[in-house]
Amino acid sequence: MSYLVLARKWRPQRFEDVVGQHHVLRALSHALESDKLHHAYLFAGTRGVGKTTLARILAKAMNCERGVSATPCGECSACTEIDEGRFVDLIEVDAASRTKVDDMREMLDNVQYRPTRGRKKVYLIDEVHMLSTHSFNALLKTLEEPPEHVTFLLATTDPQKLPVTVLSRCLQFNLKRLTPQLIAERMAFIAKEEGLEADDQSLSLIARAADGSMRDALSIMDQAIAYGGGRLEGDAVAGMLGALDRNAVARIVDCLADGDAQGLLDLIEDADAQFPDYGRLLDELAALLTRIAVFQATGSGDADAAAAAEVERLAGRISPEDAQLYYQFAVVGKRDLYLAPDPRSGVEMTLLRMLAFRPGAPVAAPAPGAAGGGKAATPKTTQHAVAEPAPAAPSAAPAPKPAPRSAKEAATGLEDWHRLVGQLPLSGVARLLAANCAFAGREDTLVRLSLDRRSESMLKPERVAELESALSDYLGDTINVRVEIDGRAAGETPTQRVAREAAESQAATRNALDSDAGVAAIKNMFDAELVERNGEP
């Protein structure tokens, strides 16, 4: 018998086999069990998430010889014929190849006839958005008032192209893109059933490469099995996909945190030997920075424990401002990659640009008269105000352990909570918690802090304990910390102060440039205007 590809062999035959579409399965199951079926359903979603599969299972549930239910038997002649694609009362139409109005009229001429074998005559129109305007017009009347024995099941990857007159006549279900975790779990199950050796890294790489599509994941899995000689190993799959080592992107973030330009170039040198997809490298960097930014804002991370630990570590190495800046450069660098002399140099310049423009990055000024052997003629220029970098968030690196303070010094330090947070020896995550709290007061050994309810997910007992230990060392006394959740933090938090000072600095810089005589002369001469980029004019 010829080999059957995994995407066909493991295509779901029952609702319970469908992955990740519980919101759709629940509605369809209730409709089937209560026998309250609509005459037209529209399944919308990206490729490979189960649109046509759900339509076929629904057709099977309506025509099962054992009765209408959410659990068709899969054994009767109707169920087996639908599974094999030869059920006479399931008419499948590929709208991409039958767009003419004559094709639609020919199909609709047979709607009036009752089903030959089944309980319902089902018309499954795939990629329905490809129909012509005249075909839609021919379909409308029948779609609105079809005979009692007819059900229309429409599937599309682009529902926005459907006329509203069609949409209003259907029950619409939007199928979700599948998460990498769901795809990896399903592939792990299939690998076990197939007797395949597969490590977690290989499944994770395939799941991410599938981009939300289970069908794509199984197709890549087939390719990986052939590439690896029947085994799925992380390094082999990475080589097949042209992917980087799983720790390479994390090392890029480490080099950015250290300001290590040579380290970044060395990483690209190593990656170049693997012939990577440089566009994907920037995509993965942007995705990692997104997870870091989300963790810094909410305190929650990936479901995968190892990935969550890595994100938590990196979130403590770079400030939220840097994470946002690096993300912006990554997505812009990906967009402009085709403009670079070659992809590698485009990525190198993107990473070096991240270092050059990060807040507080040193800028080397050219030495006067450096060019040539003697004095060079230098045109007279007017120096103008330069935008000051936004003040950085409290440093993520642990500060030196402070010496105990006197009672008077301690009181002053607590009131200046913004400065104190930058001095306490806190890890990145505990520092994020402290930076999002406002000082609410002190009662003997109890320090009260106020936390905005929107940041409540950051509050963990171990982080409060670390904050208590740091404050105890700072104040020279045993300190207890109570974090009070409020609708809005009582007072300004360090994070809010950083944002306010950055906005004030930005406004002051703008005002200074607007009032500068030299800038005004240039604007008048060239009919120019000041443009803000990366938060600076």
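**Close-up views of the predicted model**

**View 1. D444 is found in the loop between β8 (437-443) and β9 (446-452).** Helices (H or I, at least four residues) and strands (E, at least two) are DSSP runs numbered from the N terminus. The model is predicted, so local features need pLDDT of at least 70 and side-chain atom pairs count only at pLDDT 80 or more, while totals for chains, interfaces and linings use all residues. Residues are numbered from 1 along each chain as its sequence is written, and side-chain values use heavy atoms, with hydrogens and water left out. D444 is not a glycine, yet its phi is positive, at about 60 degrees. With 64% relative accessibility, D444 is exposed; this term means over 50% relative accessible area, buried means under 20%, and partly exposed is in between (1.4 Å probe, protein chains only).

**View 2. D35 sits in the loop between α2 (22-33) and β1 (40-44).** D35 also has a positive phi in a residue other than glycine, near 55 degrees. Its relative accessible area is 56%, which makes D35 exposed.

**View 3. Helix α14 covers residues 278-298.** The 21 residues of α14 should span 30 Å at 1.5 Å a residue, and the end C-alpha atoms are 30 Å apart, so the two values agree. The expected span is 1.5 Å times one less than the number of residues in the helix. Buried residues of α14 include Y278, L281, L282, L285, L288, L289, I292 and F295. G279, A286, A293 and Q296 of α14 are buried as well. Just after α14, G299 takes a positive phi of about 80 degrees.

**View 4. Helix α20 (residues 428-435) crosses helix α21 (residues 461-475) at roughly 80 degrees.** The axes of α20 and α21 come within 9 Å. Axes are lines fitted to C-alpha atoms, for helices over the stretch in contact, and angles run from 0 to 180 degrees between N-to-C directions. The angle makes α20 roughly perpendicular to α21, a term for 65 to 115 degrees (under 35 is roughly parallel, over 145 roughly antiparallel, the rest oblique). V429, A430, L433 and A434 of α20 meet R463, V464, E466 and L467 of α21, where contact means heavy atoms within 4.5 Å. Six of these residues are nonpolar, none is polar and two are charged. Ala, Val, Leu, Ile, Met, Phe, Trp, Tyr, Cys and Pro count as nonpolar, Asp, Glu, Lys and Arg as charged, and the others, Gly among them, as polar.

**View 5. R313 and E310 form a salt bridge, with the closest N and O atoms 3.2 Å apart.** A salt bridge is a side-chain nitrogen of Lys or Arg within 4 Å of a carboxyl oxygen of Asp or Glu. The two residues are three apart in helix α15 (residues 305-315), so about one helical turn separates R313 from E310. R313 is partly exposed at 36% relative accessible area, and E310 is partly exposed at 27%.

**View 6. E348 and R344 are joined by a salt bridge (3.1 Å, N to O).** Both are in helix α17 (residues 343-357), four residues and about one helical turn apart. E348 is buried, with a relative accessible area of 18%.

**View 7. R419 pairs with D416 in a salt bridge, with the closest N and O atoms 3.1 Å apart.** R419 is exposed at 53% relative accessible area, whereas D416 is partly exposed at 24%.

**View 8. Salt bridges link E65, E81, E84, R86 and R117 in a network.** The whole structure holds 34 salt bridges.
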